[in-house]
Amino acid sequence: MVIGPDLKQRTLSAIVLAPVVLATTVFGGLPFLLLWTLAGAGVLLEWCGVARLSPRVPYLAIGFVVIAACAGLKAVGLPESVPLVLLVGLAVCALLVRPRLWAALGLVCAAACAFPVVVLRGDDQVGLLSVFFLFAVVWGTDIGAYFTGRIVGGPKLWPRLSPNKTWSGAIGGAVFGTLAGTGVALAGGLLFSPVLFLIGLLLSVISQSGDLAESAFKRAFGVKDAGWLIPGHGGILDRLDGFAAAALAALVIAVLHGGPTPAAGLLLW
């Protein structure tokens with residue numbers, strides 16, 4: 001396999017970004033909330049540009065206020081009010097911004113990038129492990145899919161949406177991501193659970209589905225990358241598409257299962 005310039009750029013980006021993400025994850029609290037709030041704001045900005053939303057300035061103002069308000073509510077211990085603020089923001093966007101559907105989806109996507117992972121992190125060690133589990137699944141899926149697809153090749157997964165993705169890459173990514181997530185959970189002191197293994201597999205598949213969904217979004221507007229901020233990846237949305245989908249799914253699973261904290265609902269079976 002020939003190592004191309006895209007892999008070199010991806011590696012350099014990971015070397016720069018991964019320590020920042022991991023350090024704020026370990027620290028938790030306000031730095032972690034701030035990092036993901038900024039990520040959500042960046043996603044909203046990129047989405048607005050790709051979807052050519054109009055009027056642009058009011059949409060971004062509404063979106064930034066909503067994201068900041070949600071972050072503030074989380075910081076002061078009122079996360080249960082976040083859905084209400086988000087719904088109000090969606091209603092205002094629907095009234096003022098066109099196209100309505102893309103405007104609403106942009107705000108939902110930005111919120112999905114910013115807040116599920118913060119809720120899962122919480123302020124205890126189980127929360128820390130839950131986020132590391134999520135990182136391992138999503139990052140392992142990306143790495144496994146990339147190398148398996150390059151080495152094995154074969155039939156394309158969905159050439160109309162993403163011409164470079166293959167079935168072998170999708171399967172390899174799912175296997176590697178599931179094993180990586182399970183390995184992190186075991187290293188964190190959890191006992192092996194078939195349910196946790198299946199959750200890892202489900203989140204891996206959802207992560208890849210989020211990647212495909214973002215590809216469909218960009219293709220609908222004739223855009224290759226959502227942005228340019230991250231060399232080898234494009235924009236923030238290009239980097240967080242699969243992660244946002246997996247984080248939102250993880251939070252839903254945690255809430256449905258129940259537990260003293262969302263992280264416990266995700267990991268403790």
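Author: Let's start at Glu-214, which touches Ala-226, Leu-237, Asp-238 and Asp-241, leaving aside residues up to four places away in sequence; touching here means heavy atoms within 4.5 Å. You'll find Glu-214 in helix H9, residues 194-220. Helices here are DSSP runs of H or I with at least four residues, numbered from the N terminus. With a relative accessible area of 5%, Glu-214 is buried. Buried means under 20% relative accessible area, exposed over 50%, and partly exposed in between, using a 1.4 Å probe and protein chains only.

Before going on, a word on what you're looking at. This is a predicted model, where local features need pLDDT of at least 70 and side-chain atom pairs count only at pLDDT 80 or more, while totals for chains, interfaces and linings use all residues. Residues are numbered from 1 along each chain as its sequence is written, and side-chain values use heavy atoms, with hydrogens and water left out. The pLDDT is the predictor's confidence in each residue, from 0 to 100; the protein chain averages 92, and 94% of the residues score at least 70.

Now for helix H4. It has 15 residues (82-96), and at 1.5 Å a residue it should span 21 Å; the end C-alpha atoms are 21 Å apart, so the two agree. The expected span is 1.5 Å times one less than the number of residues. Val-82, Leu-86, Gly-89, Leu-90 and Cys-93 are the buried residues of H4. Seen down the axis, they fall within an arc of 100°, so they line one face of the helix; the arc is that of the directions from the axis to the C-beta atoms. Those buried residues pack against helices H3 (56-75) and H5 (100-114). On the other side of H4, Leu-84, Leu-87 and Leu-95 are exposed.

Cys-93 brings us to the sulfurs. A disulfide is a pair of cysteine sulfur atoms within 2.5 Å, and the whole structure has 0 of them. The sulfur of Cys-70 has its closest cysteine sulfur 12 Å off, in Cys-93, too far for a bond. Cys-113 has its closest one at 4.5 Å, in Cys-109, also too far. Cys-70 is buried at 2% relative accessible area, and Cys-113 is buried at 1%.

How values were computed:
Helix = DSSP H or I, 4+ residues; strand = E, 2+ residues; numbered from the N terminus.
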